[in-house]
Structures are given as C-alpha cells and as structure tokens.
Amino acid sequence: SEAYLAEAQRLSHTGSFGWDVSSGEIHWSRETFRVFAYEPTAKITIEQIMQRTHPEDRSTVQHLIDCAARERQELDFEHRLLLPDGSIKHVQVVGYPSEKEPGSFEFVGAVTDITERRAAEADLKRALDEIKTLRDQLYKENIALREEIDKTSLFKEIVGESPALQAVLTRVAKVAPTDSTVLITGETGTGKELIARAIHRRSRRSSRAFVSVNCAATPAALIASELFGHEKGSFTGAVTRRIGKFEEGDKGTLFLDEIGELDINQQAKLLRVLQEREITRVGGNAITKIDVRIVVATHKNLLEEVRNKNFREDLYYRLIGLPIQLPPLRERGNDILILAKHFIDGFCKENKISKKTLSPEAQQRLLQYPFPGNVRELKSVVELAVVMADEDLIQSEHITLNTSASIADLLNKEITLKEFEVQIIQHYLDKYEKDVLLVAKKLDVGKSTLYRMIQNGELKIK
C-alpha cells in the first residue's frame with residue numbers, strides 16, 4: 001500500500017506532509033522532497049521551506065503559516081519556489097489542523113506541483129490573446145471592407161477620387177447612421193444635395209421619403225406654407241388643406257437647401273421644430289408631432305451671417321453639430337477630368353450620340369479653369385462641347401468658358417474668396433445686361449443676396 005501511494009503521488013506530482021506545530025517537527029513524503037528539490041535524508045524546518053520559497057512570495061507565505069499556526073486555520077494557497085538551479089516551480093499547498101492531544105495539534109496536508117498547469121494556462125492565455133488580436137484585426141478589416149463596399153454602392157452618383165472628396169465621403173459614412181441634424185456647406189454647384197441624398201440612403205430612414213426644399217427658390221410669403229402646410233381658408237388661395245414638407249418627410253429625411261436664405265421669422269419657427277419636434281399648420285391651432293431627420297445646406301458663411309444679424313445665433317449653434325464642408329471643384333485636382341468624362345459619356349448615351357473624348361489640349365484647358373460654378377458649371381461646359389464638336393474628339397476650341405481678361409487676372413492675384421465671388425457675379429451681371437433674376441438663376445444664388453450686395457455697393461448695375 002505504501003508503494004502504491006508513493007507511485008500515485010509521483011504520477012500526480014502531489015506530496016504529503018505533516019507538521020507538528022508544538023514541536024516544530026515536519027514529515028514529508030518522498031514526492032514532497034522531490035517537489036522542493038531536497039534530499040530525502042534532509043531534516044526539514046520552516047526555515048528550509050522559506051529558503052526554497054521565491055523571494056517575492058516569502059512574506060506572504062510566512063504570514064499565512066503564522067496565522068494558521070496561531071489560529072489553527074486551514075491552509076490553502078499557491079506560491080512559487082525558486083530552486084537551486086534557478087528554475088521556478090508553482091505549488092499549491094493544502095493543509096488541515098488536527099488535534100493530537102489536548103493542547104497539541106498538527107497540520108496534515110499536501111503539496112502539488114502545478115507548474116505544468118500554470119504553463120498550460122499561460123500558453124492558453126497567450127493563444128487567447130493572439131486570437132483576440134486576430135479577431136480585432138479581422139473586425140477592423142471587416143469594418144474597412146464594409147465601409148469600402150458602402151462607399152462603392154452608396155456613392156455611385158458622386159464621382160471622383162481626390163483625397164478631398166474621399167474625406168467628405170468618409171465623414172458622410174460616419175454621420176449618416178445617426179439621427180442628428182447635419183449642416184452641409186460649400187460653394188454653389190459643389191453637389192450639396194447629392195451628399196444629402198447619400199446621407200439619407202445610408203441612414204436607418206432610407207426606406208422612407210427624402211423631401212427637398214430650396215429655401216432660396218421659394219417666395220418668402222409661401223415658405224411657411226411650404227414647410228408646415230396650411231389649413232383651408234388660412235389665406236387667399238388656400239382652397240384646400242395642404243400637408244407641408246415636414247409632414248411629407250415624416251419618418252424620413254427633410255433637406256433644406258440654401259438655409260441661409262430663410263427669412264429670420266421662419267428661422268425662429270424652424271428652431272422650434274428642431275427643439276420640440278412638432279409643427280402647427282398655417283392658419284391652424286392643432287399641434288402635429290413629427291419624426292423627421294433634418295439635413296440643411298448653404299453656400300454662405302453662416303457665422304458671418306450671424307454677425308450681420310441675418311441669421312439667428314441660436315439656430316446656428318443648433319445646426320453646426322455635424323458639419324460637412326464640401327471642397328470646391330478647383331481643389332479636387334484630377335476629379336475635373338473624371339467628372340468631365342462621366343458627364344460626356346452620360347450625355348452621349350442619353351442623346352444617342354457617338355462616344356466622344358477630350359483631346360489633351362481640351363483637358364488642359366479644363367484643368368486651368370477655376371470653375372466658380374463648380375460641378376454644375378463643368379457639366380454645362382462639357383455637354384455644350386459635345387454638341388459643338390463635329391468629330392469624336394473634343395478640341396480645346398469646343399470648350400466654352402465664362403472667362404474674361406479681368407477674371408483671368410484674378411487668378412494671379414492674392415484675393416479673398418469673397419472678392420473672387422463678387423467679380424464672378426459682376427461678370428455675369430455685365431454679360432446678362434444687369435438681369436438680376438436671370439443671374440440669380442444662372443449662379444443658383446438667392447436674388448435677395450444679389451439685391452443686398454447691390455444695396456451695399458458690392459455690385460454695380462448702372
């Protein structure tokens with residue numbers, strides 16, 4: 001039986017011990033000696049045990065042993081051994097107090113070498129850490145791949161490869177899933193509505209309506225009816241009840257283009273809608289709750305408009321939470337040629353015209369032009385060039401640009417964007433014989449903006 005027990009202890013790496021606390025005598029089995037790397041003939045003491053204990057664990061082990069001896073508590077702890085050859089073992093000690101005779105007791109227990117278990121646990125932890133690292137890496141790669149797929153499918157109508165445009169599309173992909181109000185800024189013709197539609201398609205509201213309102217194109221007297229609707233008889237011509245754009249866009253997205261042209265009184269009403277999420281139709285008293293995401297756009301500097309008292313400060317700060325600034329076409333580099341090819345191919349296909357391409361000279365002419373009207377102007381220029389070109393190759397002379405000596409000179413001068421815009425608008429006013437309404441339509445600028453610039457002396461019509 002003793003031989004069987006010894007073999008069992010060897011196989012399980014578990015040795016037994018007895019410790020007479022009153023006399024200090026310690027008895028070990030052969031396996032316990034092997035675990036502590038002592039010769040079986042050695043006389044074991046607490047000091048010898050502490051000598052084998054790892055220096056960083058000695059104070060803890062000594063405290064546990066002292067408490068057990070003093071209070072006759074069970075022992076159950078793990079610690080490390082530092083052996084003479086420099087190797088480290090992990091052991092688990094379990095001991096139970098047993099009274100030998102009145103006033104005298106001993107501990108009987110076992111010491112188990114758990115080094116292999118700790119090594120296996122460490123290997124398992126390393127493996128799990130590696131798996132977690134790989135999982136995180138795959139997760140990040142999956143997100144990047146999904147974003148790339150989203151961009152490919154989501155932004156089909158938005159053509160271009162420039163870093164400036166890609167930065168915009170990345171921002172769109174991030175803000176679209178939220179329900180927050182988005183402010184899109186950029187010069188006239190940069191594609192603000194396309195970005196607004198992209199935000200809608202990427203949002204959770206994509207299956208519902210996308211409703212667009214151009215605040216600059218809607219007369220000030222009718223904008224309230226357009227946005228909030230009206231009751232029958234609320235004003236002359238209101239022969240029926242009408243649902244406004246806010247209600248049309250319920251559960252969907254409402255895009256308010258050229259928000260900077262909105263009358264100051266209507267701005268107050270818009271602010272209330274954003275805060276309360278409810279509207280009242282013109283001529284009515286009933287309150288209608290609405291659930292619509294608001295996306296607004298403007299080519300103006302709204303902060304400057306606030307300073308000039310043309311835009312409410314509280315509304316401005318309500319709108320700027322998620323801003324997206326669109327780059328002008330002149331800052332998008334080779335996107336000009338990519339867009340030109342896109343418009344030419346589309347125009348030829350739509351009108352059943354043989355496919356045409358731009359000559360190197362025509363390409364260079366486009367790249368050197370600042371395009372104050374941005375993408376909208378480029379589209380008009382290349383479609384006219386397709387019509388003017390008799391052959392399949394569009395030459396430089398087929399590119400009709402709205403340039404003049406004074407505007408060309410501006411490109412070589414250090415002027416502000418505002419000064420440049422004034423020169424462009426003045427050029428159009430001169431070209432179209434001071435027809436303010438026509439110029440406003442051509443440049444997609446609010447007529448009230450032009451009249452104000454004329455009144456301030458920035459533009460001349462005489």
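**Reading a predicted model, one feature at a time**

Guide: Start at Ala286, which sits in the loop between strand S11 (278-280) and strand S12 (287-289). Helices (H or I, at least four residues) and strands (E, at least two) are DSSP runs, numbered from the N terminus. The model is predicted, so local features need pLDDT of at least 70 and side-chain atom pairs count only at pLDDT 80 or more, while totals for chains, interfaces and linings use all residues. Residues are numbered from 1 along each chain as its sequence is written, and side-chain values use heavy atoms, with hydrogens and water left out.

Visitor: Is Ala286 buried or exposed?

Guide: Buried means under 20% relative accessible area, exposed over 50%, and partly exposed in between (1.4 Å probe, protein chains only). Ala286 counts as exposed because its relative accessibility is 52%.

Visitor: Which residues does Ala286 touch?

Guide: A contact means heavy atoms within 4.5 Å. Not counting residues up to four places away in sequence, Ala286 touches Ile279, Thr280 and Arg281. Glu247 is 39 residues from Ala286 along the chain, and their C-alpha atoms are separated by 13 Å.

Visitor: What is the phi of Lys251?

Guide: Most residues other than glycine have a negative phi. Lys251 is not a glycine, yet has a positive phi of about 70 degrees. This lysine is in the loop between helix H9 (245-248) and S10, and counts as partly exposed because its relative accessible area is 36%. Lys352 also has a positive phi, near 55 degrees. Lys352 belongs to the loop between helix H13 (335-350) and strand S15 (357-358), and counts as exposed because its relative accessibility is 76%.

Visitor: How many residues are in the largest nonpolar core?

Guide: In soluble globular proteins, nonpolar side chains tend to be buried together. A nonpolar core is a set of buried Ala, Val, Leu, Ile, Met, Phe, Trp, Tyr and Cys residues joined through side-chain atoms within 4.5 Å. Here the largest one has 28 residues, and Phe246, Leu256 and Ile259 have the most contacts inside it. Among the elements that give two or more residues to this core are strand S7 (210-214), strand S10 (253-257) and helix H10 (264-276). Ile259, leaving aside neighbours within four places in sequence, is in contact with Cys215, Leu270, Val296, Ala297, Thr298, Leu302, Phe311 and Leu319.

Visitor: Where does Ile88 lie?

Guide: Ile88 is in strand S4 (residues 88-101). At 39% relative accessibility, Ile88 counts as partly exposed. Beyond neighbours within four places in sequence, Ile88 is in contact with His54, Arg80, Leu81, Leu82 and Thr115.

Visitor: What is the radius of gyration of the protein?

Guide: The radius of gyration is taken over C-alpha atoms, and the globule rule is 2.2 Å times the number of residues to the power 0.38. A compact globule of 462 residues would have a value near 23 Å, but this protein has 41 Å. Along the principal axes, the C-alpha atoms fill a box of roughly 120 × 65 × 45 Å.

Visitor: How many helices and strands does the protein have?

Guide: The protein has 19 helices and 16 strands. Buried residues make up 43% of its 462 residues. Of the contacts with a separation of 6 or more, 63% come from residues 24 or more positions apart.
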